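Hi everyone, thanks for coming. I'd like to walk you through one structure today, so let's bring it up on the screen.

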Amino acid sequence: MAYMLEGRTGAWEVVVGLEIHAQVISESKLFSGASATYGGAPNAHVSFVDAGFPGMLPVINKECVAQAVRTGLGLKAKINLFSRFDRKNYFYADLPNGYQISQFEHPIVGTGIVEIELQDGTLKQIGITRLHLEQDAGKSMHDQHASKSVIDLNRAGVALMEIVSEPDIRSPEEAGAYLRKIRQIVRYLGTCDGNMEEGSMRADVNVSVRKPGEEFRTRCEIKNVNSVRFVMHAVEAEAMRQIEVWESGGEVVQETRLYDPSKGETRSMRSKEDAHDYRYFPEPDLLPLVLEQSFVDDLAAKLPELPDEKRRRFCDDYGIPFYDAGVLVADQATADFYESVAKGRDGKLTANWMSGDFFAAMNRTGKSIENPPVSAADFGALLDLITDKTINGRIAKDVFEEMVETGKAPGAIVEEKGLRQVTDTGAIDAAVTKVLADNQDKVAEYKSGKDKLFGFFVGQVMKAMQGKGNPALVNEAVKKQLG
Amino acid sequence: MSLDAATVRRIARLARIRVDDTEVETLKSELNAILGYVEQLGEVNVDGIEPLSGGAQMALRQREDYVTDGEIAEKVLANAPDREQNFFAVPKVVE
């Protein structure tokens, strides 16, 4: 079902494109040797290059180039062996040079494709227009002083990748799924930490609306949205605003807007009136960036397995459903944990336990996959006890909880508490006989056709055996004795 | 190509350079003279010639990713017209 917004004049389609700014993981900045580490004392990670001192020249960081290429490869995009830097001119207090070194005409990465998955399982491809390298600006703070804004240039000059999508996105859900997918890919690649709270990933959202079948109408750009949820809200709020403008006979003006999460609305940023007059020109301090094909091939050969490929491989190697595999590859650490447990074991059993009891325990205890509630080795040992029928599935849940609580190994818990599964048919038969004898009225009801009582008898037998009976054997014995 | 007075004012505003009304006419003719001089290049036939990105046909020098600079906040702030502790301070700019 296509997403449509209902206006007074009928249904409207939403058209969205995203520009994602992703901070490159590197030791030092894009054009200077100052540290690219987040935070630090004010203006500590700043060199004369970053502060725009006269006569300072930029020298490009090889690793930042490699990171951009890796990301391009991860987006199945064309890598441009020739790219060039341009100056994007604008005046702002946290931009010491009065220009940002960016790539305008010749970006390092060209067109690519990203596949997103929606709630209902639909897969959709979103086109990537380009990815280019640029410098981040400094940080202005307006609440530290009554009459002044204060500026910290620690972030100024840190490398950013701007990832531009085609206007292929058609709903808030798709916008959210796309942003999450890009974040997942850069995290797998280790090219950006994807931390939206710290601002190392943020999005500019381009929104327009149209009647189905029409050409694109005028779009507005919502700047610097810093969470998946806000991107989704901003798309909807801005689309509603534009529909209202069109339907009341007005015209949407192309402009830069700001999303206000507390009010759930967008508003115009008048200060950015001149913002689109960037007067780009080639950066005279830098030669074109020319890459060898062998450099790209080498990076491609060492690229880690990406989430989509891993997901398909998990389905093939471990026989788990596509959906479950998607949950397990959500992040690399979870995928690695799963794989270390599932290897040589029943992949489906492992997946079920991870999506069920394991994640539940992780959330409940506030732990993480890096610091899991039970170790991969212990978790695997527990699954082995189920597989070799030492314990049944019901008891395994109790053992698991005990493991989470005490950190003890599953084997030790089973021995200590005497939880071994009873497979002795003599003992099971005796328990069944007793349960049937104690519930003769129910037996009579069963025999007169109340089939559902079968489960009751099994339950009573299991209870009498403190849950340790082998479920298959108990079932069989009950069936036999009821005749 | 010829600049009008409004364009001169706009360029000045984008560059944050204050230009008095009395200066606009002078600047206009000076800028137009510069543009006219550069426009002589238009007479050269460049059909089929790739744009050149620099005079020197050499590769961009790249550096290794090491931290070799920074941690000089005092020096960076030394010429700041105004500061608040180790921040640069500017007139309040709020959206």
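I'll talk about a helix pair, then a sheet, then an annotated domain.

Before we start, please keep in mind that this is a predicted model.

Let's begin with the helices in chain A. Helix α5 of chain A covers residues 307-318, and helix α7 of chain A covers residues 332-342. Their axes come within 12 Å and cross at roughly 15°. Because angles under 35 degrees count as roughly parallel, α5(A) is roughly parallel to α7(A). As for handedness, α5(A) passes α7(A) in a left-handed crossing.

Which residues of α5(A) meet α7(A)? On the α5(A) side you'll find Lys310(A), Arg313(A), Phe314(A) and Tyr318(A). Facing them, α7(A) brings in Gln332(A), Ala335(A), Asp336(A), Tyr338(A), Glu339(A) and Ala342(A). Sorted by class, this contact has five nonpolar, one polar and four charged residues.

Four strands make an open sheet with antiparallel pairing, and the order is β9(A)-β10(A)-β3(B)-β2(B). The edges are β9 (139-141) of chain A and β2 (83-84) of chain B, each pairing on one side only. Within chain A, β9(A) runs antiparallel to β10, residues 148-152, and three bridges join the two strands. If you want one pair to look for, Lys139(A) has Asp152(A) in β10(A) as its bridge partner.

Last, the annotation. An unreviewed UniProt entry places the feature "domain: Asn/Gln amidotransferase" at residues 336-482 of chain A. That span is 72% helix and 0% strand, and its end C-alpha atoms lie 48 Å apart.

Definitions and conventions: Residues numbered from 1 in each chain as written. Chains lettered and ligands numbered in written order. Predicted model: local features only at pLDDT ≥ 70, side-chain atom pairs only at ≥ 80, totals over all residues. Heavy atoms only, no water. Axes fitted to C-alpha atoms, helices over the stretch in contact; angles between N-to-C directions. Parallel < 35°, antiparallel > 145°, perpendicular 65-115°, else oblique. Left-handed = near helix turned anticlockwise from the far one by under 90°. Contact = heavy atoms within 4.5 Å. Nonpolar A, V, L, I, M, F, W, Y, C, P; charged D, E, K, R; others polar. Pairing = 2+ DSSP bridges. UniProt positions renumbered as here; feature names shortened; annotations may be inferred.
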